[in-house]
Amino acid sequence: MGLTGYYANNLNRDITDGNTMPVISQDIDSIRAYQWEITFHPPQEVEIGSFSKPLTLAAKQVNGIGLQVEDIPVHRVNDQVYYPGKPSTEEMTVTFDNLVKTKANVGLFKFFQTIWDPTTGEFTSSFLQTPGRFKTNIELVQLSSDMQPYNYIQLIGAWPKSLTAAEYNYSQNEFHTLEMKLRYDFIIHREDISTP
């Protein structure tokens, strides 16, 4: 009995004459992990010029975008089954290059100050007077191989949880980075930013 696999029968992979190029399917192509852009929409209180562009340019790595639903175990005599419980989102981490020209470190610090201002030890006035106003939206655009927008991921109700500077080390030969952890309330995957 002959092989019945997809590659064996459907891709014309016979290159015994040395001239025929094998047919490789393009249908299994994937989005590259490095083809993306991220945009921040800071609260109105953050006034540092064009805020989103420096952070978009500085962002070099994003992880922790995800959803999960907790289990509710139900016991019945000798059986145990599960029901979906409370949903939650993952903690998101963005790593930024500490760009000199755009001063990404200053922008990120001012973004963090929208939650808690370490210079005064107080929560910001917008946090206390208008609950929820300190939250913002973040959009991540996945680009296809021809650099066109392919998918959009929207993070709704995001706020900075921590800001950490990378190690300072004379012996290293790399750019200095900053790491910000963010929490968000909701996540939406869309083909187009305008589609509901």
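Tutor: Below we go from the overall picture to some single residues.

Student: What should I know before we start?
Tutor: This is a predicted model, where local features need pLDDT of at least 70, side-chain atom pairs count only at pLDDT 80 or more, and totals for chains, interfaces and linings use all residues. Residues are numbered from 1 along each chain as its sequence is written, and side-chain values use heavy atoms, with hydrogens and water left out.

Student: OK! How many helices and strands does the protein have?
Tutor: There are four helices and eleven strands. Those are DSSP runs numbered from the N terminus: helices are H or I with at least four residues, strands are E with at least two.

Student: And how much of the protein counts as buried?
Tutor: Of its 196 residues, 28% do. Buried means under 20% relative accessible area, exposed means over 50%, and partly exposed is in between, using a 1.4 Å probe and protein chains only.

Student: Let's zoom in. Is strand 4 largely in the open or largely buried?
Tutor: Strand 4 covers residues 79–89, and one of its eleven residues is buried, so the strand lies largely in the open.

Student: Which way does strand 4 pair with strand 3?
Tutor: Strand 3 (residues 67–76) and strand 4 run antiparallel, with nine bridges between them. Two strands count as paired if DSSP finds at least two bridges between them. For example, Val69 has Pro87 in strand 4 as its bridge partner.

Student: What sits in the loop between strand 3 and strand 4?
Tutor: Val77 is found there. The hairpin has two residues between the strands, and Val77 has a positive phi of about 50° although it is not a glycine. Val77 also counts as exposed, because its relative accessibility is 83%.

Student: Where is Met147, and what about its phi?
Tutor: Met147 is in the loop between strand 8 (136–143) and strand 9 (149–165). Met147 is not a glycine either, yet its phi is positive, about 65°. With a relative accessible area of 47%, Met147 is partly exposed.

Student: Which residues is Gln35 in contact with?
Tutor: Leaving aside neighbours within four places in sequence, Gln35 is in contact with Val141, Gln142, Leu143, Ser144, Ser145 and Met147. Contact means heavy atoms within 4.5 Å. Gln35 itself lies in the loop between helix 1 (6–10) and strand 1 (36–41), and Gln35 counts as buried because its relative accessibility is 9%.

Student: Ser144 is on that list. Is Ser144 buried or exposed?
Tutor: Buried, at 14% relative accessibility. Ser144 is in the loop between strand 8 and strand 9, and its contacts beyond four places in sequence are Ile31, Gln35 and Tyr150.

Student: New topic: what about Ala58?
Tutor: Ala58 is in helix 2 (residues 52–58) and is buried, with a relative accessible area of 0%. Not counting residues up to four places away in sequence, Ala58 touches Thr95, Phe96, Asp97, Leu99 and Ala104. The C-alpha atoms of Ala58 and Asn98 are separated by 6.9 Å, although the two residues are 40 apart along the chain.

Student: Last one: which residues line the largest pocket?
Tutor: They are Lys60, Ala166, Glu167, Tyr168, Asn169, Gln172, Glu174, Phe175, His176 and Thr177. A pocket is an open set of points on a 1 Å grid over the protein atoms alone, where a 1.4 Å probe fits, with protein on both sides within 12 Å along at least five of seven lines; lining residues have an atom within 4 Å of a point.
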